[in-house]
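User: Please walk me through this model in short questions and answers. Start with the terms.

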Protein chains: 2
Amino acid sequence: MGDRQGSGTYRGMSVTLKDLAKHVGVSVTTASRALAGYDDVAEETRQRVQEAAEELGYYPNITARRLQKQRSETLGFIMPTADPRYGDPFFSELIAGIGNEAAKHEYDLLVSTHSPDSPEEKAAYERATRGGWVDGLIVVRTRENDARIQLLCQQKFPFVAFGRTDDDLEFPYVDEDSKAGIQQLVNHFIELGHRRIGYIAPPKGLMFGVYRKRGFFETMSSHALPIEEEWVIEGDMTQRGGAEAADRLLAANSSLSAIICGNDLMAIGVMNRLRQKGLSVGLDIAVAGFDDIPLAAYTSPTLTTVRQPLYEIGRQTCAMLIKMLSGQTAGEVHVMLTPQLIVRDSSGSIIPESRR
Amino acid sequence: MGDRQGSGTYRGMSVTLKDLAKHVGVSVTTASRALAGYDDVAEETRQRVQEAAEELGYYPNITARRLQKQRSETLGFIMPTADPRYGDPFFSELIAGIGNEAAKHEYDLLVSTHSPDSPEEKAAYERATRGGWVDGLIVVRTRENDARIQLLCQQKFPFVAFGRTDDDLEFPYVDEDSKAGIQQLVNHFIELGHRRIGYIAPPKGLMFGVYRKRGFFETMSSHALPIEEEWVIEGDMTQRGGAEAADRLLAANSSLSAIICGNDLMAIGVMNRLRQKGLSVGLDIAVAGFDDIPLAAYTSPTLTTVRQPLYEIGRQTCAMLIKMLSGQTAGEVHVMLTPQLIVRDSSGSIIPESRR
DNA sequence: ATTGACTTCCAAAACGTTTTGGATTATACT
DNA sequence: AGTATAATCCAAAACGTTTTGGAAGTCAAT
């Protein structure tokens, strides 16, 4: 039997169904059907095949099976981030939920990253729908006029989105009620006595940003509170972005007593920057985030936020997709989850009448 | 427009190479070779094929290609965790590095999770090596007497590990010098005046735990410092585990002035529990972690730790694997990185002589 | 006219499964 | 004896590529 390959490439000398069949003395068909448990093969033969399979260490070639079955048993998830930040807790948690649910149903999960709205992203989606990479896709961070969703709808490719869109395409989604979330946050701050509240919005074009912003404006005006133009600015969802936004907010000399951030990561950046400037978060100024990433409970001070059950959302999104793929069209295809206010130290306490 | 296909299954009506060839009026062979850029097809034909491909929206079927090429262009990463915690920053960062490097070389990354040393984990590895799921594997958190590595070595399946082992198997790895890392930490605390230092070790069986523990004991004794038996206990690498360990450490009434934790997550749990008990981390007691996960800079107080460049490690591990797969055996197959001490607030300041 | 070299093309095999559409044999019923 | 019925089995096709091993044609040199 001599030595192994010279090159670094591993040539699988694995035993094939043909080998197995020959060894047992049956046809390839029978071997295949025996292992698959069809009832048109005698119990005795089935056992012989099965034993031989174990003995020879037979493992079906997954690629061949996929080719024949015309499905990859793989789900795709294309992360929309500039430089691939798997590190972002938002995505990690989501992937956790998706991945676990996928695994439970014996689906593989293929993860990749591309900048939002980039040509590469488009290419990735086209490849995914055409080349048979995956059986279904999960789309997150829906955008206004979302090209991805338009493509998928048009191709009739199976997918579930986390988030809605503004065009009138009909597609399955799971979403959290961002507007209600921000509303809770604003109400909470108002109850504490805040009147001058700033808002750091997610970048334009993101649907959840639209809902959150809308929630902010509506709730403020429903309490007849003013919003100066420079109180609402945009941040890029990162810690650094939050810090920069804090700079701009402070530079405007706005005398805000509270800042609500479009996500936790920015809130953390904001708190850090405020602390650097000698301000005490909670005492001098209140800060809140959105998401309740695991980090939020461990920052200094701990962060008031709105709990978005990312893990659960990932799980449900994935479950819905798998259900669709298995042919069961039944079930709700529009799921809306209500986020929950989490009050922590960054809220501070009630502001005395004099300082409002 | 109109309704969707009856069954939930998406039957790809995609155009195949045969369709394309027929459309252009050449053989399948020629079409294939034209697109692949072989020089045995006339320039003029090549163009015609290419144009037709665009026109028809031809995308090669990845599965068929893989079957023929006998390689999946996919790398595997099996996370050794009880319940799949993609959320764990340790893994997120690592995956980020691995995933980016893989993407750069047009490899897919398949991620799944299994409990360490479980039958499922073993099955996953066998499936991976036999069934042609992936071309190569990345193994992390190497263990004493690591069954995974033994299997892969025996099967001669291509892989790269993050971590060494204690048996004398020869295999490619990237590792950080844990011993040196802990050493820096202990020295740092000693310089601050600490003499009674506790250690929360990673669970038995993990190689990096072995090195870190060794580093702890050796450095302590090289400074002629005592280690009481109950000062060194084991934690499970989670925040909760850290909190529980802190309880046990405090219950032992050990009067420790510093606690070094086997990873950052435990350190965070420890700090939280200490705070709950009314102790001020940094003032009453010093705490340090290991890894420098992104969180560490944002905890309260910020966490002294040892920076393990997880992203970079993931990247290098993946790069090494890909190089192996491409047949270039050249290059270093044993890479050792030295971690870097990061001093933050949880260290506290120098302890006055009187309190040592 | 033959030979050789070169260019351009293609039919058929191969990759390893599953599925299709019978074929064969045994058993039971008229 | 003849005919359903059921129980087992299998050869061949199919999935969509790439690779192999020529074939056919052109051109130039002999």
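Analyst: A residue is buried if 20 or more other C-beta atoms, placed from the backbone, lie within 10 Å of its own, exposed if 12 or fewer, and partly exposed in between. This is a predicted model: local features need pLDDT of at least 70, side-chain atom pairs need 80 or more, and totals for chains, interfaces and linings use all residues. Residues are numbered from 1 along each chain, with chains lettered from A and ligands numbered from 1 as written.

User: What share of the residues of chain A count as buried?

Analyst: Chain A has 356 residues. Its C-alpha atoms fill a box of roughly 95 × 45 × 40 Å along the principal axes. The buried share is 48%.

User: What radius of gyration does chain A have, against a compact globule of 356 residues?

Analyst: The radius is taken over C-alpha atoms, and the globule rule is 2.2 Å times the number of residues to the power 0.38. That globule would come near 21 Å. Chain A has 27 Å.

User: Which element gives the most to the side of chain A that touches chain B?

Analyst: Contact means C-beta atoms, placed from the backbone, within 7 Å. The contact takes 55 residues from chain A and 55 from chain B. Helices (H or I, at least four residues) and strands (E, at least two) are DSSP runs numbered from the N terminus. With eight residues, the top contributor is α5(A).

User: Which residues are closest to DNA strand C?

Analyst: Near means a C-beta atom, placed from the backbone, within 6 Å of the strand. DNA strand C is surrounded by 27 residues. The closest are L17(A), N61(A), A64(A), S27(B) and A42(B).

Methods
Contact = placed C-beta atoms within 7 Å.
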